[in-house]
Amino acid sequence: MMRVAKIAAIGAAAVFAALFVGWWQVDGPGADSAPGKRSLPLTAMEFSLTDQDGRDVGPETLIGEPSLVFFGFTYCPDVCPTTLSDISGWLDEIGPDAEDLNTVFITVDPDRDTVETMAEYVSYFHPQIQGWTGLPDQIAAIADGFRATYEKVEGENGEYTMNHTAGVFLFDATGRFVTTIDYHEPREFAVPKIRRAMQNRTERAES
């Protein structure tokens with residue numbers, strides 16, 4: 001019995017250590033604040049794109065509510081559908097409050113991802129998820145502001161794929177960059193980060 005209790009205590013300590021290290025590196029004092037590594041605040045960005053309904057969108061579309069933003073493309077074989085499925089799960093767990101969370105999928109492949117293509121693609125995931133596209137220079141501008149990277153990788157017979165930043169960017173309602181949720185980050189880590197950003201909005205509204 002004592003041995004089982006000791007093993008459980010060690011396991012709990014390991015989980016706490018992992019959580020603390022993750023917080024220190026991502027949200028806490030150990031977070032990477034080197035110039036060029038962290039996203040600009042939305043208030044410092046200038047961009048114009050088009051959503052899946054054909055409406056013009058920009059930083060002002062996001063500011064005022066907390067936001068989740070993910071870069072990818074509809075021809076993505078693995079990372080994008082997996083991440084959008086993960087995001088859908090986070091939104092389901094958050095429940096009705098998810099309606100107050102901007103959730104946006106931005107293409108890095110505007111040549112193939114038209115407004116119509118984006119509309120169909122995001123319809124397979126949580127209804128809160130929007131799909132944004134634009135001209136190549138518009139995509140480059142927003143990626144630069146987010147400090148997201150992407151590149152075209154040529155294949156055979158004229159086909160190609162895209163390499164791109166796989167994390168999900170989280171902003172609070174003022175447009176301040178909060179953190180990045182990593183690819184395949186466990187839900188029990190991701191959802192509290194989102195709730196924390198949303199809680200900040202609630203506290204400001206009540207003050």
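This is a predicted model: local features need pLDDT of at least 70, side-chain atom pairs count only at pLDDT 80 or more; totals for chains, interfaces and linings use all residues.
Residues are numbered from 1 along each chain as its sequence is written, and side-chain values use heavy atoms, with hydrogens and water left out.

Cys76 counts as buried because its relative accessibility is 9%. Cys80 counts as buried too, at 0%. Buried here means under 20% relative accessible area, with exposed over 50% and partly exposed in between (1.4 Å probe, protein chains only).

## The nonpolar core

The largest nonpolar core has 49 residues. Such a core is a set of buried Ala, Val, Leu, Ile, Met, Phe, Trp, Tyr and Cys residues joined through side-chain atoms within 4.5 Å. Those with the most contacts inside it are Leu68, Val69, Phe71, Ile87, Trp90, Ile106 and Phe146. Helix 3 (residues 79-94) gives the largest share of this core, six residues; helices (H or I, at least four residues) and strands (E, at least two) are DSSP runs, numbered from the N terminus.

Now zoom in on Ile106. Leaving aside neighbours within four places in sequence, Ile106 is in contact (heavy atoms within 4.5 Å) with Leu49, Val69, Phe70, Phe71, Gly72, Trp132, Ile139 and Ile142.

Strand 8 (residues 168-171) pairs with strand 9 in the antiparallel sense over four bridges; pairing takes at least two DSSP bridges between two strands. Phe169 has Thr180 in strand 9 as its bridge partner. The hairpin has five residues between the strands, and Gly175 takes a positive phi near 95 degrees.

Strand 9 (residues 177-181) is mostly covered, with four of its five residues buried.
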